[in-house]
Amino acid sequence: MSSVQIRDVRKSFGGFEVLHGVTIPIEDGAFVVLVGPSGCGKSTLLRMLAGLENITSGTISIGDRVVNNVQPKERDIAMVFQNYALYPHMTVADNMGFSLKLRGAGAAEISKGVNRAAEILALTPLLDRYPRQLSGGQRQRVAMGRAIVRDPQVFLFDEPLSNLDAKLRVAMRTEIKELHQRLKTTTVYVTHDQIEAMTMADKIVVMHDGIVEQMGSPLELYDKPDNQFVAGFIGSPA
Ligand code: ADP
Ligand code: MG
């Protein structure tokens, strides 16, 4: 676990600025949800946290380390994407163990990590299956398994549920929250779904066109939106 500090971060693509100085303090162990319309910069910010995108200016720190120039695999972060492509030719166990293997872990360490993750996510009976033999929800749990297997300091989720049907989305929401309550890993979770934000977040960050409009607890935003944009976003149906 670690705090994450995003300080006055800007990002330009080819001279066009898409993030205009974003500051977000994230406490150790918090579940922070970034919301905002499509194109406002949520994924770009997550990719910068993961080290997959350069920071044009500003700083990102994880714990007490500024990570602006730290390679993704040295950041101790795990990311779950919307398109959780599993390796089709690998079993569930191998899918989950792959990132440990890439980092040079031995067989004993890999199997320990995989078994722990499988136990947490109730995947133990499915370890020998292949992705095509799993339901959508099970596949999504394997994708989460791949993320938690390394016991990272920070989890990043980019709209992980948006490809699932409504019923499964509700179930996975609960599951991700329970996972967080159990592991207390600092989490940054991106969604454009207000219900997800309201039910999952310790803190919601409302973004709009590359800036932070407001951040606060779900109740604070609901009770005291700073402006019309926040009120409209938090108050409107999904
Ligand atoms: P969100 O995840 O909130 O929908 P994104 O972070 O994906 O938004 O995108 C923010 C803005 O940055 C958009 O205008 C998008 O077109 C632009 N953008 C994202 N990635 C790139 C890229 N690699 N090159 C150029 N523009 C990009
Ligand atoms: Mg996005």
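Q5 finds its bridge partner in strand 4, at S61. That pairing belongs to a predicted model, in which local features need pLDDT of at least 70, side-chain atom pairs count only at pLDDT 80 or more, and totals for chains, interfaces and linings use all residues. Residues are numbered from 1 along each chain as its sequence is written, while chains are lettered from A and ligands numbered from 1 in the order in which they are written.

Helices (H or I, at least four residues) and strands (E, at least two) are DSSP runs, numbered from the N terminus. Strands count as paired if DSSP finds at least two bridges between them. Five bridges link strand 1 (residues 4-13) to strand 4 (residues 57-62), in the antiparallel sense.

Next comes ligand 1. Around it are F13, V18, G36, S38, G39, C40, G41, K42, S43 and T44, each with its C-beta atom, placed from the backbone, within 6 Å of the ligand. Helix 1 (residues 42-50) gives the most to this shell, three residues.

Helix 1 also has a buried set: K42, L45, L46, M48 and L49. Buried here means that 20 or more other C-beta atoms, placed from the backbone, lie within 10 Å of the residue's own. These residues are on the same side of helix 1 because they cover an arc of only 160° around the axis, taken from the directions from the helix axis to the C-beta atoms. After helix 1 comes G51, with a positive phi near 90°.

Methods. Buried ≥ 20, exposed ≤ 12 C-beta atoms within 10 Å, placed from the backbone.
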